[in-house]
Amino acid sequence: MRTTIFSLKKGEKAIIKDFDIDIVPLKLLEMGCLPGNTVELLQIAPFGDPLYLNINGSHLAIRVETAREIEVEPLKEDF
Amino acid sequence: MSGENINVALIGNPNVGKTSVFNQLTGLNQQVGNYPGITVEKKIGFCKLPNNVKANILDLPGTYSLNACSIDENVVIELLLNKNDKLYPDVALVVTDVENLKRNLLLFTQIKDLEIPTILVINMADRMEHKGISLDIPFLEEHLKTKIALISSRKGFGIDELKKLIVTYKSISSEPCLNASSIDPDYFNNLRKAFPNQLLYKLWLVITQDVNFLNLERNEIRSSFTKSHSDLKRLQQKETIKRYQFINDVLKEGLKVDSSKAKDFRSKLDRVLTHKVWGYAIFFLILFVIFQSIFEWSKIPMDFIDSTFASLSALADEELPAGVLTNLLSQGIIPGIGGILIFIPQIAFLFMFISILEESGYMSRVVFLMDKIMRKFGLSGKSVVPLISGTACAIPAIMATRNIENWKERLITILVTPFTTCSARLPVYAIIIALVIPDNRIFGVLNLQGLTLMLLYLLGFGMAIFSAYILNKILKIKGKTFFIVEMPNYKLPMFKNVAINVVEKTKAFVSGAGKIILAISIVLWFLASYGPGEKFKNADAIVIEENINKPLSETEFEDAVASQKLENSYIGIMGKTIEPVISPLGYDWKIGIAIISSFAAREVFVGTLATIYSVGGSDNEVTIKNRMAAEINPVTGNKIFNFASGISLLLFYAFALQCASTLAITKKETNSWKWPLGQLIFMSGLAYIVALIAFQILK
């Protein structure tokens, strides 16, 4: 199974690897969600959705269905 | 240079304090209007600059980039692409937040590509030390090809320097700071050859966006240069990456963050405010406090306005020569205006609370907290904002749905928002609650009247959610769903911003509603003061005849004549005609008149009753409330405004769509008459049935 933002744990950091450009909205890219940038899962809303992220310094929340589409490489040194 | 008049456009991402900068530059010297044909708010302010230069400052809607995905953002592009627009900026100020500089610069690089002289305004500079941020301004100015104003709209520093900088706009660079066309050189070279006189970035925007473009046949550009949707998107992704690469390179040198100095209080607060128990508890506590205080705090100013207008009417009657005009003034116009002004305290408090919640950054946390729950009902977490602002007025609330990305969620939000208790319902609720609910406290703190009001608010929300659930099951609309919400930093709301917002919104509401109410009260007064036939003309004689065996005092006689006249006036006849339809709901013909006249705007209800009861009586010193309390049903001898009919009226107004403006805005936002008509029939039908059931059970 591939690792996506959805599979991160709270407080975990990762590098964005790849995503399907046709599914992930342009607006999210403009907010900094681009391959190579870091993402940190800050909070998970009650009932598990949406997710509150810090992407490249931008604080924003997205839904699980979008988070599942964004493949990441977790950063090990934080653990 | 002196005596010049220039256009300055304020552009920026949401949550960067753009409006504070606007307020700092213009003070209260602003005008709020609409862009022609659409309901996007257009804010222009005026500002005197050094060297006698006058500036028109245009506050454009917040946008993350020039790739528009809402009408609000479209406004920005259309203005910036049209050099002939009379508001086309001589200089653009791109406002950014020092803590989010990287993201904010994306829009800056796009504006630079349009070759408009651009000043980079870095706001919230007072937080730099606190966050351990240091900037190399000369380096940034050189590489971004701009001039930088380091300001704090909160602390008010840097504003004078910014004004001086604006005056020098002619010497500010309008060159792009990077070459975005290198993402696909062949494609862009061909484009350049085909349209040598056009700016390349403009052409690119026309190809990728749905914007009007005056000087060019857009079909022509499109047909020869179009690509498949996903190819275009791939290019846009490349463009975005290219811009970020440039920004990262510049900031690597120009911006240093010493994170050991940063004190993070955001995450601590987030942990509490989005907690699965505390988060909801705090949210509901805040709502509760808001609604309790609106009712409690508004009471004194409202009573004051009410009695002031009653004595003004009496004064006009006494001091002015008796006649038709004096009557129109004392019985039509003055009570009509009073009926409008009495809303001010409650509306102002509501707008104040809403603007504090938005300014502080708390509203985004509510969106985050509520999204999953709201989705069960076919809504989005972002529907919470319209539903809460709907408690002020459905019009701006329906406009606030524009940032909901999914069309089905947005449509449902538009359709159910009018169920929330808007401020136009408040005067109706206030007067009926005051009449039929005792002014007692339970447990020593909870005011029973305040509690009733709170229940009515909950009922409005409940019905909105319930209808959304039904609509979600019925409507078959497929659409791309995505959801992005920015979680801004927490900020203490600025008094000036909140105050200006409250003043502007209240003014717009009062003058908008005021015109309708004033016109309707004058018409009503005519209809109530004149009538056809003998019964109206000979009211004196009829009263004398009826009371031939009973001696009447002078006032009793006058009152009897007045009510005889009202009953046989034009409006009395209209009310009597619909009485059979509304009497099962517990209403008499006078309430019927008020329901008819408030069809286009529910707040007219109270004004109508004020006019009817002023016309009906001889003494203007008594307030409307006292008159209503004294109304007796001549057949049963019971009070007209009793518990059963009061509750029935409250429920009727809770559900009925008595608002022409809501219909108009729904038509505009959905582009079809189908949705507003459905709204009207469903809400009014529901109101009638619920009010009927309530009265029949309670009577």
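**Note on a predicted two-chain model**

1. Start with one residue. Phe195(B) sits in a loop of chain B, between helix H7 (185–194) and helix H8 (200–208). This is a predicted model. Take Glu41(B) as a reference point: Phe195(B) is 154 residues from Glu41(B) in sequence. In space, the two C-alpha atoms are 34 Å apart.

2. Now chain B as a whole. It holds 31 helices and 12 strands. The C-alpha trace spans about 105 × 55 × 55 Å along its principal axes. Chain B has 699 residues, and 45% of them count as buried. Consider the contacts in chain B between residues at least 6 apart in sequence: 74% of these join residues at least 24 apart.

3. Chain B is divided by its domain assignment. Domain 1 covers 1–262, domain 2 covers 278–474 and domain 3 covers 516–698. The C-alpha centres of domain 2 and domain 3 of chain B are 23 Å apart.

4. How many residues of domain 2 of chain B are in contact with domain 3 of chain B? The count is 41 residues from domain 2, against 43 residues from domain 3. On the domain 2 side, the elements that give two or more residues are helix H12 (278–319), helix H13 (324–341), helix H17 (394–399), helix H18 (407–416), helix H19 (425–436) and helix H20 (448–474) of chain B. H13(B) gives the most to this side, with 12 residues. By class, the domain 2 side that touches domain 3 of chain B has 27 nonpolar, 11 polar and three charged residues.

5. Turn to chain A. An unreviewed UniProt entry annotates residues 3–74 of chain A as "domain: Ferrous iron transporter FeoA-like". Over residues 3–74, chain A is 12% helix and 40% strand. The end C-alpha atoms of that stretch are 8 Å apart.

6. Strand E1 (residues 13–19) of chain A has two pairings to look at. With strand E2 (residues 38–44) of chain A, E1 pairs in the antiparallel sense over three bridges.

7. Next, the contact between the chains. It takes 32 residues from chain B and 29 residues from chain A. Which elements of chain B give two or more residues to the side that touches chain A? They are helix H3 (101–113), helix H10 (229–254), helix H11 (266–273), helix H15 (362–375) and strand E12 (484–486) of chain B. H10(B) gives the most, with eight residues. By class, the chain B side that touches chain A has 12 nonpolar, 11 polar and nine charged residues.

8. Strand pairing also crosses between the chains. Strand E4 (residues 58–62) of chain A pairs with E12(B) in the antiparallel sense, over three bridges. To find the pairing in the model, look at Ala61(A): its bridge partner in E12(B) is Val485(B). E12(B) is also among the elements that give two or more residues to the side of chain B that touches chain A.

Technical notes
Residues are numbered from 1 along each chain as its sequence is written. Chains are lettered from A and ligands numbered from 1 in the order in which they are written. This is a predicted model: local features need pLDDT of at least 70, side-chain atom pairs count only at pLDDT 80 or more; totals for chains, interfaces and linings use all residues. UniProt positions are given in the numbering used here, feature names are shortened, and annotations may be inferred rather than shown by experiment. Helices (H or I, at least four residues) and strands (E, at least two) are DSSP runs, numbered from the N terminus. Two strands pair if DSSP finds at least two bridges between them. Domain bounds come from an automatic or database domain assignment. Two residues are in contact if their C-beta atoms, placed from the backbone, lie within 7 Å. Ala, Val, Leu, Ile, Met, Phe, Trp, Tyr, Cys and Pro count as nonpolar, Asp, Glu, Lys and Arg as charged, and the others, Gly among them, as polar. A residue is buried if 20 or more other C-beta atoms lie within 10 Å of its own, exposed if 12 or fewer, and partly exposed in between; C-beta atoms are placed from the backbone.
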